[in-house]
Amino acid sequence: MDSFKGNAISWSLTEGIVELVLHREPCNEIGSVTLAELERFADALENSGPEAQALILYSRLASGFCAGADLCELFRGIQPLKAEDRSNRVRDFLLRIHRVFNVIDSAPITTIAAVHGVVFGGGFELALTCDMIVADQTSRFCFPELRLGLIPGFGGIPRMKRDIGNGLVRDLLLTGRSINANKAAAVGLVSQVVAPGEAFRVARSVALQATKFDRQTAQVAKEFIKPIPYAELQEEIRLFCELMGRPAVEEALRKFVESTDAQPYLP
Amino acid sequence: MPQLEQTLNELLKLAAEHFQVPVNELNPDEDFFKKLKINSLQTLDLLTKLEQRFNVELPDYELQGVTDFRTLAGKIQARL
């Protein structure tokens, strides 16, 4: 697997471990640039040989792992469009990001998200594609989408349901509140909580351990214990696009983009 | 269970340490967003530190509109 240095992400392979680093300021918001580079990564991952035995996703930015979708780009992109065209544009984006996330989710290697700080919306959804989440104590997890009149669109609900009880899924979804790393570990979303700044180092240790095992066996284990909820993911895309066509969404996006509030992710 | 004043003093100490200001410069009834010029990332960071220090869960929505340490201490106290 060749190394890549992009504008939003980069990756390299060392000692059997693929390291995918996010580095788009201010907090790795996922827009068209990140998506295009993630698609390139998904292609490389699909075509990787046995030399790749584990994958670590992490962020180089102090602000956090990822703040989710690039809402400024989304707002600018949909403004001139009619409702139906908005839904179509968003559907295209979602289909592309879902393909990437499904590739990471189903990768025949052990995958680890090493997170810190902001792990919001699409960033949370990206972390949930991984087999394990190693979180440092600064991490906060949140699904703020209802504030925008939307639901999470990058596979968040089906993947979170896969890991934890529906009661907390509804709490996080319907209140938009954030939880810390200890709470996320207590409910089973996070496998290890570590000191601030230590998530990547610990993730490398986990990855190195994973490389000791037979790749095919690990793949069988993953397919058995971590099935991809394809039907629910498709339904999520349909619901998201249906909601996207409503005028309330544009207004909520405008409010968010223009907000200087200290908690802009809450209404 | 600590009394509200104890929680408030502990909160002021934590905030002083976190934002690297002398504790005697923090007024329990002052708007700490204005005083400390806290942005959204710092708000999240503070929230995490409070939850860890007091071993409580503080839903963000309960803290909306809370701008002074005394009210914040009351919100924490209610969950101890």
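Between which two elements of chain A does the loop that holds A:Pro26 run? A:Pro26 lies in the loop between S3 and H1 of chain A, where helices (H or I, at least four residues) and strands (E, at least two) are DSSP runs numbered from the N terminus. The views below show a predicted model, in which local features need pLDDT of at least 70 and side-chain atom pairs count only at pLDDT 80 or more, while totals for chains, interfaces and linings use all residues. Residues are numbered from 1 along each chain as its sequence is written, chains are lettered from A and ligands numbered from 1 in the order in which they are written, and side-chain values use heavy atoms, with hydrogens and water left out.

**View 1**
In the loop between S3 and H1 of chain A, a cis peptide bond joins A:Glu25 to A:Pro26, with omega at about 0 degrees.

**View 2. The seven-stranded sheet of chain A.**
Seven strands of chain A make an open sheet of mixed pairing, in the order S1-S2-S3-S4-S6-S8-S11, where two strands count as paired if DSSP finds at least two bridges between them. At the edges are strand S1 (4-5) and strand S11 (192-194) of chain A, each of which pairs on one side only. Helix H1(A) packs on this sheet and touches S1, strand S2 (9-14), strand S3 (17-22) and strand S4 (54-59) of chain A, contact being heavy atoms within 4.5 Å. The direction of H1(A) makes about 20 degrees with that of S2(A), with axes being lines fitted to C-alpha atoms (for helices over the stretch in contact) and angles running from 0 to 180 degrees between N-to-C directions. Elsewhere in the sheet, strand S6 (residues 110-115) and strand S8 (residues 132-136) of chain A pair in the parallel sense over four bridges, and A:Ala114 has A:Val134 in S8(A) as its bridge partner.

**View 3. The four-stranded sheet of chain A.**
A further open sheet of chain A has four strands in the order S5-S7-S9-S10, again with mixed pairing. Strand S5 (64-66) and strand S10 (178-180) of chain A each have a single partner strand, so one side of each is left without a neighbour in the sheet. On average, neighbouring strands here are turned by 25 degrees against each other, direction ignored. Strand S7 (residues 118-120) and strand S9 (residues 140-142) of chain A run parallel and are joined by three bridges, with A:Val119 standing opposite A:Phe141 in S9(A).

**View 4. Helix H1 against helix H3 in chain A.**
Helix H1 (residues 32-46) and helix H3 (residues 83-105) of chain A pack at an angle of about 35 degrees, their axes lying 9 Å apart. Their crossing is left-handed, a term used if the near helix is turned anticlockwise from the far one by less than a right angle, with right-handed used if clockwise. Residues of H1(A) in this contact include A:Leu35, A:Leu38 and A:Phe41, and those of H3(A) include A:Phe93, A:Ile97 and A:Val100. The contact holds eleven nonpolar, one polar and five charged residues, where Ala, Val, Leu, Ile, Met, Phe, Trp, Tyr, Cys and Pro count as nonpolar, Asp, Glu, Lys and Arg as charged, and the others, Gly among them, as polar.

**View 5. Helix H5 against helix H6 in chain A.**
Helix H5 (residues 156-163) and helix H6 (residues 166-175) of chain A pack at about 145 degrees with their axes 9 Å apart, and their crossing is right-handed. A:Ile157, A:Met160 and A:Lys161 in H5(A) meet A:Asn166, A:Val169, A:Leu172 and A:Leu173 in H6(A). By class, this contact has five nonpolar residues, one polar and one charged.

**View 6. The largest pocket and the largest cavity.**
The largest pocket has a volume of about 1,100 Å³, and among its 49 lining residues A:Glu29, A:Ala69, A:Asp70, A:Leu71 and A:Phe256 lie nearest its centre. On a 1 Å grid over the protein atoms alone, a pocket is an open set of points with protein on both sides within 12 Å along at least five of seven lines, a cavity is a set where a 1.4 Å probe fits but cannot get out, and lining residues have an atom within 4 Å of a point. Grid points are joined across faces, edges and corners, and a volume is the space filled by probe spheres set on the points. The pocket lining has 27 nonpolar, eleven polar and eleven charged residues.
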